[in-house]
Amino acid sequence: MPDTEQGGSRRRGRNETEEERADRMWTELIQEVRVAQMGVQILFGFLLTVVFTPTYEDLSGTDKTIYIVTVVMGACATGALIGPVSLHRLVSGRRIKPQAVRWASRLTLLGLALLLVTTSSSLLLILRVASHDDFVPYLVAGVVCWYLLCWFGLPMWARYRHTTR
């Protein structure tokens with residue numbers, strides 16, 4: 001629905017009920033979660049295999065600790081990103097979709113934050129094993145900054161820039 005003039009001010013948004021809005025937001029959220037789930041599941045599946053390779057025994061104590069933290073964060077990210085599906089299934093038909101959408105959105109944001117940690121620690125481990133150079137932490141910090149900009153900075157800037165007027 002296009003913007004309309006009402007009493008001299010522009011109206012923004014859609015003309016939808018709370019339930020219609022919740023239905024639309026749920027559909028959008030599930031599409032977003034599918035993308036994140038695919039990435040975290042592939043990464044987590046790969047991480048689970050590392051411990052069964054001969055190279056794992058050659059890792060230093062620090063690298064093994066990084067690996068364990070990475071696997072645990074990957075498991076947590078997987079749980080948070082699958083959580084909205086379970087939430088929907090368990091509350092479906094209970095007439096609480098707006099609340100379910102809010103909780104699913106929070107789980108998704110938590111899952112993205114955990115995915116950020118998982119991806120970053122995976123990169124740290126891989127680069128430490130591959131190069132043994134002192135620049136690795138700086139390279140990983142740069143990538144983390146990039147993730148933060150792409151995943152949170154730009155969306156928050158757009159939200160602020162286009163919704164606070």
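Predicted model: local features only at pLDDT ≥ 70, side-chain atom pairs only at ≥ 80, totals over all residues.
1. **The largest pocket.** The largest pocket holds about 1,300 Å³. Its lining is made up of 31 residues, and those closest to the centre of the pocket are Arg 21, Met 25, Glu 28, Ser 105 and Arg 159.

2. Helix 1 supplies the largest share, with 12 residues. Sorted by class, the lining has 14 nonpolar, six polar and 11 charged residues.

3. **The second largest pocket.** This one has a volume of about 260 Å³. It is lined by 14 residues, and the closest to its centre are Phe 46, Val 50, Leu 125, Ile 126 and Val 129. Helix 1 and helix 3 are the elements that each give two or more residues to this lining, and helix 1 gives the most, with five. How many charged residues does the lining of the second largest pocket have? There are none: the lining divides into 10 nonpolar and four polar residues.

4. **Helix 2, its length and its kink.** Helix 2 runs over residues 61–91. It has 31 residues and spans 44 Å from first C-alpha to last, close to the 45 Å expected at 1.5 Å a residue. Along the way there is a kink of about 35° at Gly 83, shortly before the proline Pro 84. Just after the helix, Gly 93 takes a positive phi of about 85°.

5. **The buried side of helix 2.** The buried residues of helix 2 are Asp 63, Ile 66, Tyr 67, Thr 70, Val 71, Gly 74, Ala 77, Thr 78, Ala 80, Leu 81, Gly 83 and Pro 84. As you look at the spacing in that list, keep a general point in mind: an α-helix has 3.6 residues a turn, so residues three or four places apart point the same way. What covers the buried residues of helix 2 includes helix 1 and helix 3.

6. **Ser 86, a contrast within helix 2.** Ser 86 also lies in helix 2. It counts as partly exposed because its relative accessible area is 36%, which falls between the cut-offs of 20% for buried and 50% for exposed. Ser 86 and Asp 133 are 47 residues apart in sequence, and their C-alpha atoms are 43 Å apart in space.

7. Ser 122 is found in helix 3, and it counts as buried because its relative accessibility is 7%. Setting aside residues up to four places away in sequence, Ser 122 touches Leu 43, Leu 47 and Thr 70. Thr 119 is in helix 3 too. Is Thr 119 buried or exposed? It is buried, because its relative accessible area is 18%, and the cut-off for buried is under 20%. Apart from neighbours within four places in sequence, Thr 119 is in contact with Leu 43 and Tyr 147.

8. **Helix 4.** This helix has 28 residues and reaches 39 Å from its first C-alpha to its last, close to the 40 Å expected at 1.5 Å a residue. Where does helix 4 bend? The bend, of about 45°, is at Leu 149. The buried residues of helix 4 are Val 136, Val 140 and Tyr 147, and they pack against helix 3.

9. **Two loop residues to check.** Most residues other than glycine have a negative phi. With that in mind, look at Arg 95, which has a positive phi of about 60° although it is not a glycine. Arg 95 lies in the loop between helix 2 and helix 3, and it counts as exposed because its relative accessibility is 78%. His 132 is not a glycine either, and has a positive phi of about 55°. His 132 is found in the loop between helix 3 and helix 4, and at 65% relative accessibility it counts as exposed.

How values were computed:
Residues numbered from 1 in each chain as written. Heavy atoms only, no water. 1 Å grid on protein atoms, 1.4 Å probe; cavity = no way out; pocket = protein on both sides within 12 Å on 5 of 7 lines; lining within 4 Å. Points joined across faces, edges and corners; volume = space filled by probe spheres on them. Helix = DSSP H or I, 4+ residues; strand = E, 2+ residues; numbered from the N terminus. Nonpolar A, V, L, I, M, F, W, Y, C, P; charged D, E, K, R; others polar. Expected span 1.5 Å × (residues − 1). Bend = angle between axes of the 7 residues up to and from the residue. Buried < 20%, exposed > 50% of the residue type's maximum accessible area, 1.4 Å probe, protein only. Contact = heavy atoms within 4.5 Å.
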